[in-house]
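Visitor: I'd like a quick walk through this model. Can you put it up?
Guide: Here you go.

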Amino acid sequence: MQEFLNTYFGNVMAKLPDFYGSILDTLRMTGRAGAIAFVGGLFLGVVLTVTKEGGILQARALYQVLDKIINFFRSIPFIILLAALIPLTRLISGTAIGVEGAIVPLVCGTIPFFARQIELALAEMDPGLVEAALSMGSSPVEIIFRVYLKECIPGIVRAVTITAISLIGLTAMAGAVGAGGLGDFAIRFGYQRNQTDVTLASILVLAGLVSVIQLAGNMAAKKHTH
């Protein structure tokens, strides 16, 4: 195995500390940005669901404002969002490069996507369950937690899975502007120095991460499907 790796991935083997560091950076960016985006996106997705026309807390003005803001941020290509948020990133993180400099744009790029995924997941629920809860005198907060979030766990899990996979792709893109991670590793060594084995190794690791997340998501969704 060692001989195989030295033969076909010689450049990677010569940079193992950098390679391992880039994997850890990718995981750190995905984990930290993902945790923040999960909370923010779940909150916005629920607000969109309950304030839309016919929702349990119908508020057309609030829904329209949030809907337009989410659509606006979703329409901006992530590479442009990275550049546009540099002043804000420096203000919040103190730097616009490295893992710390990637968190703010990753969160801003992921929350709108995840919020929309949550809205779609909650929309799949049988409206009769909400009507039944209302007829029993349940409050809006009780309906949100005991009906929407409880009954839509499989859809929420699928939304988390899709978003996590998308987030990994965004971390790789963030590497193009010095955010670190596998994207940065592949560009600096694989692309700029024409070391194809470095690019291939980065692709294989990213594909492996995506496969693990997809498998875990499928298992979790299946476990919670009624």
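Guide: Let's start with a helix pair: the crossing of α3 and α12 is right-handed. A crossing counts as right-handed if the near helix is turned clockwise from the far one by less than a right angle, and as left-handed if anticlockwise. Helices (H or I, at least four residues) and strands (E, at least two) are DSSP runs, numbered from the N terminus.

Visitor: Before we go on, what sort of model is this?
Guide: The model is predicted; local features need pLDDT of at least 70, side-chain atom pairs count only at pLDDT 80 or more, and totals for chains, interfaces and linings use all residues. Residues are numbered from 1 along each chain as its sequence is written, and side-chain values use heavy atoms, with hydrogens and water left out.

Visitor: Back to that pair. At what angle do the axes of α3 and α12 cross?
Guide: Roughly 35°, and the axes come within 12 Å. Helix α3 is residues 16-51 and helix α12 is residues 196-223. Axes are lines fitted to C-alpha atoms, for helices over the stretch in contact, and angles run from 0 to 180 degrees between N-to-C directions.

Visitor: Which residues in α3 and α12 meet?
Guide: On α3, Phe19, Ile23, Thr26 and Leu27. On α12, their partners are Ala201, Ser202, Val205 and Leu209. Contact here means heavy atoms within 4.5 Å. That contact has 6 nonpolar, 2 polar and no charged residues. For the classes, Ala, Val, Leu, Ile, Met, Phe, Trp, Tyr, Cys and Pro count as nonpolar, Asp, Glu, Lys and Arg as charged, and the others, Gly among them, as polar.

Visitor: Zooming out, how many helices and strands are in the protein chain?
Guide: There are 12 helices and 0 strands. The C-alpha atoms fill a box of roughly 70 × 40 × 25 Å, taken along the principal axes.

Visitor: Where does UniProt place the feature "transmembrane region"?
Guide: The unreviewed entry puts it at residues 33-51, 72-89, 95-115, 156-178 and 198-221. UniProt positions are in the numbering used here, feature names are shortened, and annotations may be inferred rather than shown by experiment. In the model, residues 33-51 are 100% helix, with end C-alpha atoms 26 Å apart. Residues 198-221 are also 100% helix, and their end C-alpha atoms are 35 Å apart.

Visitor: And the "domain: ABC transmembrane type-1" feature, where is that?
Guide: The unreviewed UniProt entry gives residues 23-217. That span is 83% helix and 0% strand, and its end C-alpha atoms lie 21 Å apart.

Visitor: New topic. What volume does the largest pocket have?
Guide: About 200 Å³. On a 1 Å grid over the protein atoms alone, a pocket is an open set of points where a 1.4 Å probe fits, with protein on both sides within 12 Å along at least five of seven lines; lining residues have an atom within 4 Å of a point. Grid points are joined across faces, edges and corners, and a volume is the space filled by probe spheres set on the points.

Visitor: What about the second largest pocket?
Guide: Its volume is about 160 Å³. Its lining includes Phe73, Arg74, Cys108 and Ser166. Helix α7 supplies the largest share, 4 residues.

Visitor: Last one. What is Ala172 in contact with?
Guide: Gly183 and Leu206, leaving aside neighbours within four places in sequence. Ala172 is found in helix α10. The C-alpha atoms of Ala172 and Gly183 are separated by 3.9 Å.
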